[in-house]
Amino acid sequence: MGPATREALVEIADISKHFGEGETRVDALRQVSLSVQAGEVVALLGPSGSGKTTLLNVMGCILEPDGGRMRLDGEMVYENRWLRGDLRRLRLDKIGFIFQFHNLLPFLDATDNVALVLQLAGRDRVTARSRALELLEYLEVGNRRDSMPANLSGGEAQRVAIARALANRPRIILADEPTAALDSHRAGIVMDLLRKLAAEQDACIIAVTHDEKIYARFDRIFHLRDGRLEFQEGETT
Amino acid sequence: MNLAYRDVRHNLFRFLLTCLGLSLLMAVVLSMIGIYNGLVIDALTIVRAPGVDVWVVEAGTQGPFAEASRIPGDTRNSVARLHGVADAGSVTYQTAEVVFAGRTHRLYLVGFEPGRPGAPLALAAGRSIGRSHHEIIADLGAGLALGDRIPLGRDAFEVVGLVENQVNSGGDPAVYLPLRDAQTLQFELAPPAARVQIARGATVQSENTVNAVVARLDPNVAPDTVAETIRRWKHLAALTQADQEHLLTSSVVDRARRQIGLFMAILLAVSAVVIALIIYTMTMEKLRQIATLKLIGAPDRTIIGLIVQQALALGGVGWAFGLILVLLIKDYFPRRVVLEPINALALAGIIFVVCIAASSLGVRAALKVDPATALGG
C-alpha cells in the first residue's frame, strides 16, 4: 500500500472538550483536528495541561467530546446514539492501550494477561492462549510466558503490555508515556518495536510522551498548547 | 477465565487470613446461637426427664421450678387414684454444694421414688437406684464416675448410674437420689437445730413433704382434664407438661434468653458491618485494576463477577471455618452449646445476603470508576 492510498485510521475534526463551569471552566480541547494514517507512529507533545491526555482519552472513547466529529477505523463515533456497551466494544475491537506503568493484572501470568483480552472478545481459552503465546514469542518474551507481572523486569512487562494491546489486532494503538518507566536503551527498543508493529500490522500508533530521547522515532509530532493544536512536525507519510 | 478465583489464588495467604478473621467472628456468632439454644434446652431437660404429663404443686404457686412449692408426701396417693392417671410419683428439687476430690461441685438434687415417675428415663452408664438409701445417679457434667462416693448432708452416697445432659436452668448438673434421702437433706434439721426447735416448743415440720407430684396418664387422656380436676380440690395446683415447659422458657430463663438473644442480634449486626467493610476495602484496593479492565473492554458483568464471587467466597469460607471451629470446641464450653442444622443454614443465608449487599456497594464504586484512571501514573 503506497503512501497516497493509505487510509486514515483516526480522523478528528473540531473536537472540543471543557471541564467545569463559570469561573472554574477549563477548555481542555479547542477545535482540535488531526488525522493519522495506517502505518504512522505519531506523538502528542505539549506542556502539562495542554490537553494531550484529554485528547488521548477522547480518541480512546473514554471521554465524550462536547463537540466535533471523530472517525475511528472507518466508524463514526458518537454519531446517532452510542451506548456505553458500544464504546466498550469499539475499545475491545479497534483500540489497543499501552500504559506508562504497563498495568498488567497482577494476579494473571504473562500469557493470561494477553489471553484475557482475547477471551473478552469471545475467543475460547485454547485459541486465546495460543494467540497470546504467539504474540509473546513475537515480542521476544515467550520465555516469560508463565511469569507473574511482579517477576518481570520493566522492559519485559512493557512488552507483555504491548502484546496485550495487540491481541485483538487493533488498528489504533494509543500509548500513554510508553517509555517513561524505561531507561533510554530499553525505551529505544520499545519504540523500534512499536514502529515495526505499525508497519507490519498496518496500524497507527499515537503516543503521549515527554521523552525527548525518542522524538526522532516518530513520523509526526503534534504540539498542543492550551487545548489547541499549535503545529505539527513532520509530514503525513 | 475466572478472575475472582485467579485473584484469590494470587493473594491466597491474605485471603485465608481474612477468612480466618471472619471465621472467628462467625464462630462467636454461632457460639452465641448455640449458647442461646443450650440455655433453652437446658431449662427444659429436667422438666422433660421424667416423661410425665401433669405436675401437681402447692396451691397458688407455679412450682416447683418457677416458684417454691411444698405439698404433703401422701398427695401422690390421691393423684394416683384419679381417673386417667396411670402412675404418679413424688419429687423434690434442691441445689447443694459438695466438696469432692478437692473441688466444690454445685449440684441440683432431684429426689424421686424408685420405680415411680420422676426418675430419668434413660441412663448413659451404670444402673438405676436399687437400694432405698445412699445411691445416686449423677449427670456426666458433674464430673463424677461410677463408684465415686460423695458426701451429701451427714451421709456418703455412691454413684451407681450416669445420665447425660441433665441440668437445671442454671446449668447445675442433676443428681438423682431416693426421695427419702432427698427429704432428709431438704427438710430434716441438724440435731442441734432440732433440739432448739423442740425446746422452743415450735411445731416440727413433717419430713414427709415433697415439692411436687408428677403423674403419667393413660393413653388418650387429656392432661388438661386431669389438671382441671386437681385444681378443683383447691388445696393443690396442677400444670400440664406443656404449661410447665412454657413457664420455664417464658419466665425462668426469659431474661437470660432475651439477654443472649439481644447480644446475638448485636453480634450479627457487627458481623454484617465487618463483612461489608472487608469486601468494600477489597474492592477499593482493586480500583486501578478494575479501571484497566474497563479500558481494555471488559464488560460490567466481568467486573461484577470479580467482586461478587470474591465476596461470596469470603463469606462462604468464613462461615465454613467458623462452623468447623465451633463444632470442634463446643464441648469445652462450661454450659451446653446446641447447634441445630437450621441455625447454621440460617446464618449461611444471612451471610449470603450480607455479602451480596456489601458487594453491591463495591460494585457501585467499581462501575463508577473512570477507565481513564488506568492511564497515567
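In this predicted model, E11(A) faces S35(A), a residue of strand β2(A). Strand β1 of chain A, which covers residues 8-19, pairs with β2(A) in the antiparallel sense, and the pairing runs over 8 bridges. Both strands belong to an open sheet of 4 strands in chain A, ordered β2-β1-β4-β5 with antiparallel pairing. Because β2 (26-37) and β5 (75-77) of chain A each have a single partner strand, they stand at the edges, and one side of each is left without a neighbour in the sheet. On average, and with direction ignored, neighbouring strands of this sheet are turned by 20° against each other.

The contact between the chains draws 23 residues from chain A and 18 residues from chain B. On the side of chain A that touches chain B, two or more residues come from each of the elements tabulated here, and α3(A) gives the most, with 5 residues. By class, this side of chain A holds 13 nonpolar, 5 polar and 5 charged residues.

| Element of chain A | Residue range |
|---|---|
| α1(A) | residues 52-59 |
| α2(A) | residues 84-94 |
| α3(A) | residues 110-120 |

The largest nonpolar core has 178 residues, of which V56(B), V175(B) and A215(B) touch the most other members. Helix α2 of chain B, spanning residues 12-48, supplies the largest share of this core, 14 residues. Since domain 1 (3-43 + 255-374) and domain 2 (54-220) of chain B both give residues to this core, it lies between them. Leaving aside neighbours within four places in sequence, A215(B) is in contact with several residues, among them V52(B), V56(B), V79(B), P117(B) and V226(B).

Terms used:
Residues numbered from 1 in each chain as written. Chains lettered and ligands numbered in written order. Predicted model: local features only at pLDDT ≥ 70, side-chain atom pairs only at ≥ 80, totals over all residues. Core = buried A, V, L, I, M, F, W, Y, C linked by C-beta atoms within 7 Å. Buried ≥ 20, exposed ≤ 12 C-beta atoms within 10 Å, placed from the backbone. Domains from an automatic or database assignment. Contact = placed C-beta atoms within 7 Å. Pairing = 2+ DSSP bridges. Axes fitted to C-alpha atoms, helices over the stretch in contact; angles between N-to-C directions. Nonpolar A, V, L, I, M, F, W, Y, C, P; charged D, E, K, R; others polar.
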